Amino acid sequence: MQRNVWYMAISTIVLLVIINNCVYFFITRNMLVDQLDKELQVLGKQIESSVEQTRMGSQMFEDQIGRELRSASIAAKYALNSDVEQVSNGRLTELAKELNIEHITLLKKQDNKDIVLYRSSDPTQLMKSTREWEPWFRIFQELYEMKGISHEWVGMTLPFFWSGPYEVASTDYEKIYKWGYFYDGTTNYMIDPYVDYEVLAKYNQETGLDRLFENLKAANNSILEINIVNPDTFPNDSVTVNKDGSIREHVVQRPVLYGSYQYESSYDEQDVKKAYLNSENVSREEKLGNSHTYKMFIPVEATNDKIAIVDEDGDQMRGYVLVIVSDYSLIQEQLRESIVRVALITIMVTAIMLPIVITVMRYFRRLRDQAVQVAQDTYIEEINALFQSIRSQRHDFINQVQTIHSLTKMKMYDELEKFTEAIAGEIHYVNDFINIGNPTVAALVRSKISQAEGYKIDFVRDVKGVNLHAMAGKTLDINRILGNLIDNAFDEVLKHHEQYRKVILYGREQDGMLYLKVTNYCADANGTIKSPLFAMGFTSKGGEHQGLGLSIVSNLIKQYKGELEVSAVDEHYIEFLVVIPV
């Protein structure tokens, strides 16, 4: 039995430690994820601000290139004959070198309203039609009409001039150029100077977004990747299939605008769309290859009027999505370290607490042994008192009979009544011990009889054969149950006049069960049984009563796997029935 108790105690401690560590694990993990999420949001805001500043700087740099292309156009206008037929391709080649630009092309409007590349320093462009170049062809027509550019598209507009963004050349898909187009009506052609991507690429390499992202990754070891995506074209490449079957990519429609895109996921497309359309941050934890990642998708609304990002129809986008990929394994490392620390602390605390628990358990075991010893001593004392009383009654029996006879002969009936009443009380005392069967329970009942006499309570008893041999060590708990029930009944009847102060006690031990029943007067029995009688702290007595008695009774009965029923005998009597296996 003692070994089982130790096993239960150790098992309980181990179970509590496991539950504690599991709860700590989940709470810590959620806390770390929330912390990472907040850090990425703050970092995202910082990156967003830096991105916008860097992107606007790049845009201003492009605009400056556009202004230089306009200056080159004006210089070409004065250097060339106003009639395109009088201008040679060789002259354009010389002029391009003088102006330090890549090429110069002259566009001429045909009778069929087509606009062709009529003269050029680049021979691959000669006599190419622009009719299929949307929206470029529309802008060329507006320049020829000299009414200003009405089409809302990326680029820069100046008097008699428009410059588009860097884009893949329609005549050479391996080249990326920035073109400028100038027409003021003084010539029969449109002047088109352009430069290659090398200048802007060098600028971006030194101060652009790609450099910014690399610096941020180097400064923060938890960041795996940063990129900016076009939410309309992502993740598919935006291309145009020409009539000859050739494919042309578009710089302003590329899905990944800046940064690298190595940590691909099947959820990326839906997360990008959700972040952009709902204007809310979207996060996802996912295992990608050998990396455990935590991605955050942050929608960014452009702060300036025009950005070099368009959708699949060529219409300008209002913003983009910033994607930050973080290393989730760092959280797992922190989590492992925290769990190890908690485990060490738990082991230390357990090592300290275990001796204390053992000491406390031994202390309570000693208290239990002392209680059993007290019950045994009480039993011996009561039995001795019983035997002594029986011997005294037997010794005094003849004297008592003679006294009664004498009092009767002298007709001293008052004295006779007092004398017989004393003898009857002594006989009842002995009978209580004999009938009840258990001296501890009998002593309790006897004390309650004395208490009832003092309170003028009619205390009716019918307790027989309550031996409790199988529960010798638990007699004190039975007395606690019985004592609390009787005290509760006494407290209730004391609220009423003497004529209503009645408590009935019934007790039997039979068929392996102990039956205890306490019935008492109650003004509103039906209403009382509906109250939370057994709830901790509930009391209807007021004053200093703490409402613990019936709660203790209920807990003790559950401990012994017994049953407790409360019922109204009638409207004025309430009954508590206890059934406990013995």
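This is a predicted model: local features need pLDDT of at least 70, side-chain atom pairs count only at pLDDT 80 or more; totals for chains, interfaces and linings use all residues.
Mentor: Residues are numbered from 1 along each chain as its sequence is written, and side-chain values use heavy atoms, with hydrogens and water left out.

Trainee: How many salt bridges are there by the rule?

Mentor: Side chains of opposite charge can pair when their charged atoms come close. The rule asks for a side-chain nitrogen of Lys or Arg within 4 Å of a carboxyl oxygen of Asp or Glu. The count comes to 14 salt bridges. One of them joins aspartate 462 and arginine 508, with the closest N and O atoms 2.9 Å apart. Aspartate 462 belongs to strand β15 and arginine 508 to strand β16, 46 residues apart; strands are DSSP runs of E, at least two residues long, numbered from the N terminus.

Trainee: Is arginine 508 buried or exposed?

Mentor: Buried means under 20% relative accessible area, exposed over 50%, and partly exposed in between (1.4 Å probe, protein chains only). Arginine 508 is buried at 16%, whereas aspartate 462 is partly exposed at 28%.

Trainee: In what order do the strands of the open sheet stand?

Mentor: Two strands pair if DSSP finds at least two bridges between them. Here 5 strands follow the order β15-β16-β17-β19-β18, with mixed pairing. β15 (458–464) and β18 (563–570) are at the edges with a single partner strand each, so one side of each has no neighbour in the sheet. Strands β17 and β19 pair in the antiparallel sense over 9 bridges.

Conventions
Helices (H or I, at least four residues) and strands (E, at least two) are DSSP runs, numbered from the N terminus.
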